[in-house]
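Please keep the structure open while reading.

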Amino acid sequence: MAQPVRLWHAPADEEVPFAAAEATAALLPAARLTEQGAPGHIPSEETLGELFAELRAASL
């Protein structure tokens, strides 16, 4: 059974191309890729807030 995988990545990340995140997501049958709004490699506080909100919702 495929396990859900959540990927977050910024299209403007200068360290890892967005295409690499898309290719990784394509390899995983239950993956979902979300574009991170913050442009850098490190997630923004907003992105982390979204991530933790989603984790809380999934645990209910």
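**Loop, strand and salt-bridge contacts**

S44 sits in the loop that runs between strand 2 (31-35) and helix 2 (45-58). Helices (H or I, at least four residues) and strands (E, at least two) are DSSP runs, numbered from the N terminus. The model is predicted: local features need pLDDT of at least 70, side-chain atom pairs count only at pLDDT 80 or more, and totals for chains, interfaces and linings use all residues. Residues are numbered from 1 along each chain as its sequence is written, and side-chain values use heavy atoms, with hydrogens and water left out.

- The S44 side chain comes to 3.0 Å from the backbone nitrogen of T47. This is a polar contact, meaning a pair of N or O atoms within 3.5 Å; within protein, one must be able to donate a hydrogen and the other to accept it, and residues adjacent in sequence count only if both atoms are side-chain atoms.
- Residues up to four places away in sequence aside, S44 touches Q36 and A38, where contact means heavy atoms within 4.5 Å.
- G40 belongs to the loop between strand 2 and helix 2 as well, and G40 is partly exposed at a relative accessible area of 32%. Buried means under 20% relative accessible area, exposed over 50%, and partly exposed in between (1.4 Å probe, protein chains only).
- G40 and D13 are 27 residues apart along the chain, with 4.9 Å between their C-alpha atoms.
- Beyond neighbours within four places in sequence, G40 is in contact with A10 and D13.

**H9 in strand 1**

- H9 is part of strand 1 (residues 5-9) and counts as buried, at 9% relative accessibility.
- A polar atom of the H9 side chain lies 2.8 Å from the backbone oxygen of V16.
- Among the residues that H9 touches, not counting those up to four places away in sequence, are P17, F18, L33 and Q36.

**Salt bridges**

- The whole structure holds two salt bridges, each a side-chain nitrogen of Lys or Arg within 4 Å of a carboxyl oxygen of Asp or Glu.
- R32 lies in strand 2 and E54 in helix 2, so the pair links parts 22 residues apart in sequence.
- Through shared partners, salt bridges join R6, R32 and E54 into one network.
- R6 is partly exposed at 25%, E54 is partly exposed at 31%, and R32 is partly exposed at 45% relative accessibility.
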